[in-house]
Amino acid sequence: MAGQSYTTQAERIAKFKGEILAHAMPVEVLGIAGMQRQVPKNNSKTVVYRRWLPYGATTANALDSNQWDVTAGAHILSEGVTPTADSLTPQDVTVQLNQYGCLYSLTDQTEDLYEDDVGSEMKKQTGERIRLVRQLVRYGALKACTTRVYAGGTTTATVDEKVSITFLRNISRSLQSAHAKRITRILAPSPNFATAPVEAAYLVFGHTDLEADIRDLPGFKHVSEYGQRKPMHEQEIGSCENFRFILSPELAGTADSGASVTGTGLNSTSGTYIDIYPMIVVGEDAWGQIALRGMNSFEPTYIPAGQKDKNDPLGQRGYIGAKFYHNAMVLNQGWMACAWVGITDLTP
């Protein structure tokens with residue numbers, strides 16, 4: 001098995017030994033929202049969420065599953081006549097837990113003789129890598145939601161506009177029509193399942209490339225103007241009407257996937273088609289995530305070089321890694337949206 005050996009990277013001895021430089025760290029933002037559930041051990045890898053539909057609602061589409069079909073006249077009782085009894089209709093959402101993991105290895109010579117503490121860096125990057133994997137699992141699930149809107153078009157291939165206040169207002173109208181509640185609590189920054197109260201809003205998650213266009217929205221308020229109001233996350237850049245915007249460089253867009261860039265003033269990697277970005281807009285309980293937090297949510301591995309067993313009788317190899325179970329899923333399609341937009345070309 002390949003791993004970090006003593007000769008993997010040239011040493012700096014006989015040269016001026018500078019400090020270990022900082023490296024890029026993943027920016028995890030999606031974990032603050034979403035319904036969290038831990039699955040007890042030995043209770044299957046399948047989790048089934050259930051809701052009871054409002055009277056008259058159907059599962060035909062995301063909006064229908066949230067609409068009551070009730071008239072006052074249909075509820076008038078006749079004297080002495082027992083009304084016909086109704087029953088509830090369930091809707092199930094099923095998700096499978098997946099196991100994820102990563103593993104680094106190093107030799108005893110690396111641990112004993114190498115000038116830098118490679119083992120400590122491996123431990124640090126294991127934790128950061130897990131955070132990024134969890135972020136990407138959530139991102140993939142949320143991008144696949146069925147409520148999809150496109151700025152200036154009807155498909156990703158026809159997107160030819162950036163985010164606008166009218167575009168956002170249409171999303172807000174759709175969410176409110178589906179009875180989507182604004183988020184009022186987020187997951188607290190701790191290992192536990194605690195939550196913290198926040199001012200009600202629909203949350204918008206997206207890539208940092210969207211920041212310039214979001215700042216240009218009429219009525220946009222930067223976090224520096226919040227006063228006593230607290231940001232939901234260190235990556236929150238501000239708010240506008242019903243929305244609060246939280247951006248991360250991990251929530252990547254898709255290059256050259258929109259309409260023709262000609263005459264639009266939008267960004268294009270190739271100069272031919274528009275680069276497009278998803279904006280994930282969520283209301284309360286729109287989606288869920290399993291085994292996200294808690295002390296038992298992941299299992300670290302540390303086998304130091306020098307530890308001897310029948311597979312490594314001389315103790316020449318060490319391992320650092322972790323494994324964990326996780327998944328994310330949309331619980332109510334009508335309470336969130338994946339909005340695809342272009343971004344302004346900022347080339348001087």
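Of the 348 residues in the protein chain, 41% are buried, where buried means under 20% relative accessible area, exposed over 50% and partly exposed in between, with a 1.4 Å probe and protein chains only. The model is predicted, so local features need pLDDT of at least 70 and side-chain atom pairs count only at pLDDT 80 or more, while totals for chains, interfaces and linings use all residues. Residues are numbered from 1 along each chain as its sequence is written, and side-chain values use heavy atoms, with hydrogens and water left out.

The protein chain has 4 helices and 15 strands; these are DSSP runs numbered from the N terminus, helices being H or I with at least four residues and strands E with at least two. Among contacts (heavy atoms within 4.5 Å) with a separation of 6 or more in the protein chain, 74% are between residues 24 or more positions apart. The accessible surface of the protein chain is about 19400 Å², and carbon and sulfur atoms hold 52% of that surface. Areas come from the Shrake-Rupley method with a 1.4 Å probe; for residues, only the protein chains shown count as cover.

A nonpolar core is a set of buried Ala, Val, Leu, Ile, Met, Phe, Trp, Tyr and Cys residues joined through side-chain atoms within 4.5 Å. The largest one has 61 residues, and L203, F205, I214, F245 and M279 have the most contacts inside it. Apart from it lies another core of 9 residues, including V47, L97, I290 and L331. Not counting residues up to four places away in sequence, F205 touches, among others, V29, L30, I246, L251 and M279.

N66 sits in the loop between β2 (46–52) and β3 (90–96). Its relative accessible area is 5%, which means that N66 is buried. Beyond four places in sequence, N66 touches P54, A178, H179, N332, G334 and W335.

E211 belongs to helix α4 (residues 211–215). Because its relative accessibility is 25%, E211 counts as partly exposed. With residues up to four places away left out, E211 touches I237 and L247. G238 is 27 residues from E211 in sequence, with a C-alpha to C-alpha distance of 9.7 Å.

The table gives side-chain polar contacts of these two residues, a polar contact being a pair of N or O atoms within 3.5 Å; within protein, one must be able to donate a hydrogen and the other to accept it, and residues adjacent in sequence count only if both atoms are side-chain atoms.

| Side chain | Partner side chain | Distance |
|---|---|---|
| N66 | N332 | 3.0 Å |
| N66 | W335 | 3.3 Å |
| E211 | R215 | 2.9 Å |
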